[in-house]
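Dear colleague,

Please find the structure below, handed over for your records.

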Amino acid sequence: MSFGSIVRGLIKSNVEFVVVGGVAAAAHGSTIITNDLDVCYSPTDENVKRLASRLRRWRPYPRGIEKGLPFIMDAKTFHITPILTLSTSQGPLDLLDRIEGVGDYAAVLKQSESVEAFDSHFRVLTLRALIAAKRAAGRPKDYAQLPELEALEALLAQKR
Amino acid sequence: MDQTRLSLGQLAIVAGSSTKWIKNAEMLLGISFPRTPSEAVGVGLLHELHSELDLPLSLARDIANKVLSTSGRTSGVPALASGNVRLFVDLNRYRSTFNARLSRALVLGGPKRRGRPRAAASGAIAAALAHGIDLGLLRDSLRLSPAERLARLDANAAFVGALSESRARAGSK
């Protein structure tokens, strides 16, 4: 399992995406370990085709359900089910077309910044937008991460 | 299949509908939809037939039941009593959609926190300390570059993943 191999694979396939969730939080300094990569993708037809094509190489399957049931990975699946929670040969991967508290891909892109990591350049959601997303998601596990993210924001403000 | 009981919100995700549609449909049909994943498979098809084809709920339910009782990748069933109209459903695609939605419902569709939304923290550092967060760790992390932080996360996540696999292997012996 490697976040780096997923990010590099998406970049190699020219997929337009922004890393959100726990990995984005870690890029900003969070010490919480996450085991899945959350990605917000551009929902244009061409991008979704590139994404589906890349994912097919990674043997994707809906996470948390019985093995061996029908699952088709193509652009149509993204149009019918724009939020996918997958296990892949590279590790768990969640794909979202919008982020609660931030908006659609265009809004997410606007509230993202470029980072250099995993021998690549890619975009991650800003710390401010991550906090808004966690607050809007409203699940206990999101709320549990808020104090750390808000402390990071305060520490960064002190450094400036 | 896992017989976890789905919440109303999770059932709506599985059906591709709103919770309001679920409640209205249950009321109009005079039934409660099953809440286990294996039994909830028909609710999404019922919603699609009702919402997309504008079929009356009771007719949509009869058709959904007929379709799902057939085997094979596609299903053609008589849609009207006269037998003049047949409806073809791509069952393989429908089951794939259902599985993707079920995964999303199980992974992301858990209960939301009740009560008023949490206000933005005014004293974030004090709040973090009160939550037992080690500010020293955060300061150390901020001294690293994003690349160093993500390399550390990748290594830690791989380590935790390997531990979980090892535990699962030990448990299955």
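**Contact between the chains**

The contact draws on 46 residues from chain A and 45 residues from chain B, where two residues are in contact if their C-beta atoms, placed from the backbone, lie within 7 Å. Please note that this is a predicted model, in which local features need pLDDT of at least 70, side-chain atom pairs count only at pLDDT 80 or more, and totals for chains, interfaces and linings use all residues. Residues are numbered from 1 along each chain as its sequence is written, while chains are lettered from A and ligands numbered from 1 in the order in which they are written.

On the side of chain A that touches chain B, at least two residues each are supplied by helices H1 (3-12), H2 (21-27), H4 (75-80) and H7 (140-159) and by strands S4 (84-87) and S8 (112-117) of chain A. Helices (H or I, at least four residues) and strands (E, at least two) are DSSP runs, numbered from the N terminus. H7(A) gives the largest share of this side, twelve residues. By class, the side of chain A that touches chain B has 27 nonpolar, eleven polar and eight charged residues; Ala, Val, Leu, Ile, Met, Phe, Trp, Tyr, Cys and Pro count as nonpolar, Asp, Glu, Lys and Arg as charged, and the others, Gly among them, as polar.

**H7(A) and H7(B)**

The axes of H7(A) and helix H7 (residues 135-143) of chain B come within 11 Å and cross at roughly 60 degrees. Axes are lines fitted to C-alpha atoms, for helices over the stretch in contact, and angles run from 0 to 180 degrees between N-to-C directions. H7(A) is therefore oblique to H7(B) (under 35 degrees counts as roughly parallel, over 145 as roughly antiparallel, 65 to 115 as roughly perpendicular and the rest as oblique). A:Ala151, A:Leu152, A:Leu155 and A:Leu156 of H7(A) make the contact with B:Leu135, B:Leu138, B:Arg139 and B:Leu142 of H7(B). Seven nonpolar, no polar and one charged residues take part in the contact of H7(A) with H7(B).

**Chain B and A:Pro60**

Chain B has eight helices and two strands, in the order α-α-α-α-β-β-α-α-α-α along the sequence.

In chain A, A:Pro60 is placed in the loop between helix H3 (45-56) and strand S3 (61-62). A:Pro60 counts as buried because it has 22 C-beta neighbours inside 10 Å (buried: 20 or more other C-beta atoms within 10 Å; exposed: 12 or fewer; partly exposed: in between; C-beta atoms placed from the backbone).

Yours sincerely
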